[in-house]
Amino acid sequence: MKNRTKLIRAIPALLALLALAGCGNVGSSGSGPSAGDDSGGGGPTITVGSKNFTEQYVLGELYAQALEANGFNAETKLDLGSSAIADKALQNGQIDMYPEYTGTALVEIFKQMEQPDTPDATYQEAKKAYADRDPANTMLEPAPFNNTYGIFVRREVAEEYNLQTLADLAEASGDITFVSFSEFLKRADGVPNMQKNYEGLKFGDVKIVNSIGGPIYQGVLQGEGDAGVGFTTDSQLASDELVVMEDQKNIWPFYYPAPVVRSDVLKKYPKIEKVLNEVSASLDVETMRELNGQVDLDREDPEDVAREHLEEEGIVE
């Protein structure tokens with residue numbers, strides 16, 4: 001593959017910010033140098049970004065490899081960081097697209113606290129919000145699965161405090177050490193959302209890790225904390241050593257992943273929409289959990305995992 005950057009999982013947030021600030025020469029229109037370039041000898045270059053956790057790495061690779069199989073020269077800038085960082089890169093033209101979650105877009109990017117009550121309504125509102133801003137972006141069709149939060153505790157802790165639901169966790173929270181990535185502690189749909197809906201939730205201690213996924217599960221399993229935040233497509237949640245807390249009040253928005261593309265790029269290369277939508281349609285919650293597990297548990301490279309899936313689905317040869 002041409003102009004592909006290999007994934008480096010341990011980039012600290014500061015380095016990611018510095019790299020982001022320095023990539024590309026951004027013009028006054030917000031358009032970066034990537035889209036439309038023929039560097040590398042292939043077709044037009046499309047720069048694919050992602051946030052900094054396993055599922056995003058896999059999704060970024062899936063979209064990039066499908067684009068390359070359809071005549072584009074895909075360049076990847078994975079591991080950018082939070083939604084705010086990835087969105088800024090998109091707006092500045094430093095990337096041409098990245099996968100975002102419908103509910104996350106509304107809460108974190110557009111600061112919309114009231115959430116629609118169906119997955120499709122969430123998608124339609126997020127799509128409209130992207131289209132209405134300047135420069136405009138287009139949110140394509142989402143993959144048909146909801147990757148929502150899963151709050152879990154170590155089984156021995158669940159048994160000690162008789163924890164089955166988030167209400168139970170709130171009652172015992174003063175004795176609980178919570179392991180989390182920093183963004184979740186302050187996001188409106190994160191811990192503040194839990195505290196708003198489950199009275200009395202205030203953790204006795206909080207341990208912050210610098211990456212979503214593996215470090216959180218390791219921290220809880222190794223006894224550095226008692227509870228943690230994961231995602232429902234994480235393969236680790238199936239562990240017999242963990243118990244996922246039931247959310248009786250359904251407090252989370254819908255989080256369906258979808259490619260968000262610069263509208264000017266999509267207008268210039270309309271073929272992109274069909275390519276990316278085909279990839280999204282090939283995914284469901286079981287498939288995504290399996291792909292994530294191949295990276296997190298089997299230690300395979302996201303690039304290889306993505307290629308195998310695309311070949312199995314007949315999306316690439």
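Q: Before that, what kind of model is it, and how are residues numbered?
A: It's a predicted model, where local features need pLDDT of at least 70, side-chain atom pairs count only at pLDDT 80 or more, and totals for chains, interfaces and linings use all residues. Residues are numbered from 1 along each chain as its sequence is written, and side-chain values use heavy atoms, with hydrogens and water left out.

Q: OK, the sheet. What's the strand order?
A: β7-β6-β8-β5-β9, an open sheet of five strands with mixed pairing. Strands here are DSSP E runs of at least two residues, helices are H or I runs of at least four, and both are numbered from the N terminus. Two strands pair if DSSP finds at least two bridges between them.

Q: Which ones are the edge strands?
A: β7 (205-209) and β9 (242-244), each pairing on one side only.

Q: And β5 with β8: parallel or antiparallel?
A: Antiparallel, with five bridges joining β5 (residues 149-154) to β8 (residues 227-231). In β8, F231 is the bridge partner of Y149.

Q: Switching to charges. How many salt bridges are there?
A: The whole structure has 14, counting a Lys or Arg side-chain nitrogen within 4 Å of an Asp or Glu carboxyl oxygen. Among them is D87 with R133, whose closest N and O atoms are 2.5 Å apart. That pair links distant parts of the chain, 46 residues apart: D87 sits in helix α3 (residues 83-91), and R133 in the loop between α5 (119-132) and β4 (137-139). Another is E75 with K77, at 3.4 Å between the closest N and O atoms.

Q: Now the backbone. Where's the cis peptide bond?
A: Between D134 and P135, with omega about 0 degrees. P135 is in the loop between α5 and β4.

Q: What about D79, is its phi positive or negative?
A: Positive, about 70 degrees, although D79 is not a glycine. D79 is in the loop between β2 (73-77) and α3.

Q: Why flag those two?
A: Because most residues other than glycine have a negative phi, and most peptide bonds are trans.
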